[in-house]
Amino acid sequence: MFKNHIKIAWRSLKKQPFFTFLNTFGLAIGIAGGLLIGLYIHDEFSYDTMFVDADRIHRVHADIKFGGEDRKFAVTPAPMAETVENDFSEVELAMRFRTRGSMLLRRSDTEVNIKELQSTFVDSTFFRMFGIELLSGDVKTALTQPNTMVLTKNAAEKHFGANDAVGQNMVLNNTETYTITGVINDLPKNSFLREHSVFLAMAGYEDSRIVNWGSNNYQTYIKLIPSASIKDLQEPLRNFLGKYVIPGVQQFMPGITEEQFKAAGNHLIYSTMPMTDIHLRSDRVAEISSNNNIQSIYILSFIAIFLLVLACVNFMNLSTAHSLKRAKEVGIRKTLGSNKSELIRQFLVESGLVSFASLLLAIVLAILLLPLFNDLADKDMYIPYANPFFWLILLLAGGMLGLLSGSYPAFFMSRFIPVKVLKGSNSHSLGGGKVRNALVIFQFAISVFLIIGTLVVYQQLNYIQNKDLGFSKDQVLIVNDVFSIGDQVASFKEEVKKLGYVKDATLSSYFPTPSNRSDSTFAPEEGATDQENALSMQRWGVDHDYVSTMGFEIIAGRDFNRDFKNDSTSIIVNESAIAVIGVSPEEALGKRYTPDMGEENPEYLTIIGVVKDFHFSPFREDIESLSLHLSDRSYALAIKLEAGDFSNAIIGIENIWNQLAPGQPFDYYFMEDSFNDTYQSEQRLGRIFFIFTTLSILIACLGLFGLAAFNAEKRTKEIGVRKVLGATVGQITYKLSADFLKLVGVAIIISLPIGWYAMNKWLEDFSYRIEIGWWVFVLAAFLAVLISIITVSYQSIKAAIVNPVKSLRTE
């Protein structure tokens with residue numbers, strides 16, 4: 001019997017190639033879209049799961065409110081790891097990272113440096129913590145001694161080729177010599193250490209041995225024993241404030257107690273997060289690598305579900321739209337003895353065939369589109385052909401989709417009453433209008449919601465791109481690693497400034513776009529040890545030309561000036577710092593603050609100027625308090641260029657570099673590009689929204705097209721009678737289209753408040769955001785109506801221009 005069902009299903013599908021194609025293609029688009037998003041979500045949830053005992057590894061972090069700032073840190077004090085390991089029997093192992101960033105690295109027998117993008121100090125327990133094996137070297141001694149290092153395989157080959165790197169000496173930043181004691185495999189791209197290629201022994205980092213509970217610079221990871229629960233550590237960690245931190249900072253603030261600290265509105269809370277949750281659920285200060293957020297995963301999950309549901313709904317609508325042509329077939333088969341269950345099985349076999357064909361087409365589409373999707377999502381995903389579990393899930397999902405999408409048409413057509421359909425009274429016997437209308441409303445409600453989402457995401461991105469940042473990011477070229485020039489850094493700056501296409505230049509390690517960050521707690525001259533007067537500020541070392549090159553606006557006081565020798569003990573602060581102090585910008589001038597709280601002879605810095613707030617953190621965060629002070633320690637040179645062709649400027653600057661720093665890599669970037677990189681995740685989300693919104697609209701249009709065909713076919717006699725009675729093509733087209741526009745109108749009414757609520761929730765992540773304007777909803781509604789008119793009008797006009805004689809004869 002099943003073989004017979006297959007034959008009949010195949011013949012039926014062959015007789016209606018156009019509708020078979022629409023059904024197959026619509027379902028394939030939905031499955032392919034769902035498959036691609038599914039691969040993306042799987043990749044996001046796979047971060048850091050490759051490490052041994054990943055489920056037992058947690059990171060300790062800190063929530064701190066002090067000095068007018070409320071911040072969430074991914075880092076903790078240096079003694080945290082050892083203290084946790086000693087205090088808690090539940091902790092099997094603890095280790096630390098102290099990120100160092102990029103560095104210049106060269107063999108000791110050459111003067112040519114190669115830049116490594118990420119390096120970090122690690123404790124010797126690094127290998128035991130994460131189960132990382134050495135390709136060469138001894139894991140027991142690899143990082144136990146000062147001035148030793150471990151390289152990844154790629155970094156070792158870059159410097160030594162096929163030769164064994166272990167035992168070789170390397171020079172870091174032209175100053176420090178380290179011995180290679182091990183080589184490890186390159187770390188996976190879905191690891192938080194994916195960008196790191198150099199691991200330095202913490203044993204040689206003096207700061208790591210200082211017991212200072214007032215400074216947070218170390219990523220601290222702990223591994224629990226198998227039987228332990230992380231919940232048991234949370235309350236004891238909270239007690240670290242009174243047990244360790246307060247006694248540790250009393251040298252800076254004598255007499256301070258935990259009660260006084262809390263009474264001043266401050267808090268310090270240590271807690272933990274599972275390592276496997278960090279990538280999607282952590283957005284803290286000093287993350288070791290960039291993370292995604294769980295909200296974007298929820299959004300993409302909903303889009304995948306929407307696509308699949310839309311595809312199923314589209315299948316149902318197209319199947320029921322074509323059911324009229326099979327009404328007599330059902331009537332005859334029932335007359336000849338077929339029962340309802342047998343007919344249902346027959347139609348489910350047909351939907352199963354379509355579903356299977358759609359699944360095959362979807363896999364082909366996914367394979368073809370995956371490289372493009374990888375570029376779009378900045379991923380390196382692949383289809384796991386060798387994983388039987390993947391194919392099992394795919395087959396089960398395809399079968400479920402076929403069953404779900406084919407069930408309604410199967411039950412719908414099996415209900416046909418033989419007497420009525422054989423007499424031709426199909427317009428009354430078919431029914432199901434309310435269900436089909438509900439499906440169309442559902443389709444377009446989803447489509448309108450996605451249109452609103454796309455418009456809001458792009459509007460927020462446009463706001464970020466065009467908002468006044470408080471500094472000039474355009475035409476600013478930043479040359480890295482200027483310290484490699486040695487004592488000729490100032491000469492490099494002056495030679496560059498002589499170039500005709502250079503407006504200005506400044507030396508610093510700190511810039512408004514992603515770069516180094518350093519914060520300190522300042523105390524006023526009056527009440528220097530009083531925690532209530534403490535002021536937490538970013539502390540950036542700059543030169544005399546920094547403010548002018550960056551284009552900051554001074555709203556009170558003055559800029560640094562070479563004619564004022566006392567400027568070496570002066571600072572310029574921003575508006576946010578003034579707001580915390582609680583005075584006007586003019587009143588702040590002349591006030592003196594020290595970053596040396598608790599020291600016998602602190603150095604006081606005088607406020608000589610106030611700059612307008614500028615954005616140096618992502619728009620998700622508030623602008624923090626900030627101070628600028630003169631410093632001759634610089635990592636980079638920022639160069640403000642004249643408008644025009646930048647290629648000549650880059651060549652000219654590189655020539656000067658090569659003269660002063662032969663053999664040193666010339667590494668540069670444009671500040672605007674760095675700014676744009678900050679919002680890559682939002683830009684990716686916007687592009688993904690646009691693409692899958694387009695696909696959802698396409699699927700919805702296919703469903704609407706099918707329903708329009710069904711409606712026109714069901715009303716063939718009515719159309720003929722109206723034409724005979726004098727109705728014009730326009731009147732008939734309007735009559736046929738009006739019903740669908742009503743459905744779209746209902747969909748718009750349903751989707752607008754849902755879209756407003758959902759996108760406002762998304763915007764809550766931004767401290768600086770747009771307000772969703774009324775025009776977004778009007779435009780979304782207009783696009784939905786326009787698309788539906790274009791889709792329906794084809795079938796309506798086609799039915800309206802048919803000769804009425806032919807229409808009446810059809811009935």
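A salt bridge here is a side-chain nitrogen of Lys or Arg within 4 Å of a carboxyl oxygen of Asp or Glu. The model is predicted, so local features need pLDDT of at least 70 and side-chain atom pairs count only at pLDDT 80 or more, while totals for chains, interfaces and linings use all residues. Residues are numbered from 1 along each chain as its sequence is written, and side-chain values use heavy atoms, with hydrogens and water left out.

Take Arg284 and Asp63, whose closest N and O atoms sit 2.6 Å apart in a salt bridge. Arg284 is in the loop between α9 (278-281) and α10 (294-321), and Asp63 is in strand β1 (residues 57-66), 221 residues apart; helices (H or I, at least four residues) and strands (E, at least two) are DSSP runs, numbered from the N terminus. Arg284 is buried at 15% relative accessibility, where buried means under 20% relative accessible area, exposed over 50% and partly exposed in between (1.4 Å probe, protein chains only). Asp63 is buried too, at 14%.

Arg71 pairs with Asp519 (3.5 Å, N to O). Arg71 is buried at 8%, whereas Asp519 is partly exposed at 35%. Arg71 also forms a salt bridge with Glu624 (3.2 Å, N to O), and both of these residues are buried. Elsewhere, salt bridges that share partners join Lys493, Lys497, Asp504, Asp543, Asp545 and Arg562 into one network.
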